[in-house]
Every structure is written in structure tokens, then in C-alpha cells.
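Hi,

Here's the structure I said I'd pass on.

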Amino acid sequence: MRAFCYLPLLLVLLAGLTSCSGSQTVSETTSPAPGTVGAAPAVAIDVPALVGRNIDQVRRVLGTPREARDQKVGAEPTAEQMKATKGEDWINTFERQGVTLVATFNARTRKVRDLVLVGTDEDEILQNGNLSLTATDYIVLPVANPQNNRELIGMRVVARK
């Protein structure tokens with residue numbers, strides 16, 4: 001069944017939730033490199049602007065998801081997949097400036113459950129996603145590798161209710 005093509009990725013993401021590494025610390029403040037005074041670090045995807053949006057709004061900002069080009073899976077579940085999964089936990093994968101973002105959503109309600117920025121360097125992920133560990137409207141959680149809970153494979157962003 002097509003929905004099961006992404007089951008390993010979903011399991012990796014869910015496993016990361018249960019094995020929180022506790023590596024969330026506020027980054028040290030460092031002085032900017034010479035010649036970069038006043039230059040803001042590059043943001044690949046403004047994730048806070050996407051928090052609380054539905055999948056259609058996310059697609060308008062980030063473009064066509066990778067799954068839309070995949071005839072086996074598709075950006076939306078088929079009628080058969082919708083019946084089998086009730087449209088829950090469908091994913092769309094987006095790429096921008098070398099950064100990968102996975103949005104998990106309910107295909108029936110269109111509500112995005114979470115956004116995951118894929119990567120292994122916490123500071124780089126936070127910078128690329130314009131994320132703050134102390135934000136009031138969302139929570140940032142590490143996603144650990146299920147085979148090695150000390151290895152980071154991404155950062156999950158969930159809207160605060």
C-alpha cells in the first residue's frame with residue numbers, strides 16, 4: 001500500500017519524540033566574524049511563519065511537495081489510502097536552499113500536526129528555520145535517531161495550544 005512507503009520515516013520521527021535527548025540549551029552568544037557586523041544569518045525556511053497554518057497554506061509558501069512528483073505516493077492520499085488511514089499522519093516533504101522540511105498533516109481536516117527540519121546540527125537547524133527555543137507560540141523538540149538516541153536527525157516544531 002502506498003501509505004506504507006513513508007512508514008519508516010514516520011517511525012523515525014515518532015521514535016525521536018520518545019527519546020528526547022535533552023540537548024536543548026540556549027546557544028552561547030558569540031561575536032560575529034570580522035566583516036559580518038550587522039549581517040543577519042541566512043534563514044532558509046521561516047518556520048515560525050508556518051506554525052499554525054494548514055497544509056494548503058504551507059504549500060503556497062514552500063511550493064510543490066516532493067511527493068507530488070512521486071506517482072507511487074502522491075501529495076494527497078488516494079481514496080483507498082484515505083479510507084485505510086482516515087487521512088491521518090500524511091506527510092509532505094519540502095526542500096528550500098538545501099534544507100529539508102517534513103510537514104505531517106491530517107488530509108481530511110488539512111491541519112498540520114508538526115513540522116520537522118531535517119539535520120544533524122542543532123544550531124544550524126535553528127538558524128536555518130529561524131527558530132527559538134524560548135518562543136511562546138511553538139515548541140522545538142529534538143528528533144533522535146532510533147538506533148542511537150545521542151544522534152540528532154532533526155528538530156520537530158509543534159504549535160502551542
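A quick definition to begin with: two strands count as paired if DSSP finds at least two bridges between them. Helices (H or I, at least four residues) and strands (E, at least two) are DSSP runs, numbered from the N terminus.

Before the details, some housekeeping. This is a predicted model, where local features need pLDDT of at least 70, side-chain atom pairs count only at pLDDT 80 or more, and totals for chains, interfaces and linings use all residues. Residues are numbered from 1 along each chain as its sequence is written, and side-chain values use heavy atoms, leaving out hydrogens and water.

Now the sheet. Five strands form an open sheet in the order S1-S2-S3-S5-S4, with antiparallel pairing. S1 (90-96) and S4 (138-145) are the edge strands, each with a single partner, so one side of each has no neighbour in the sheet. Further in, S3 (residues 112-118) and S5 (residues 148-159) run antiparallel and are joined by four bridges. In S5, Val157 is the bridge partner of Leu115.

Then there's helix H2 (residues 55-62). Its buried residues (under 20% relative accessible area with a 1.4 Å probe, protein chains only; exposed is over 50%, partly exposed in between) are Ile55, Val58, Arg59 and Leu62. Seen down the axis of H2, they fall within an arc of 100 degrees (taken from the directions from the helix axis to the C-beta atoms), so they line one face of the helix. These buried residues pack against S1, S2 and S3, where contact means heavy atoms within 4.5 Å.

Cheers
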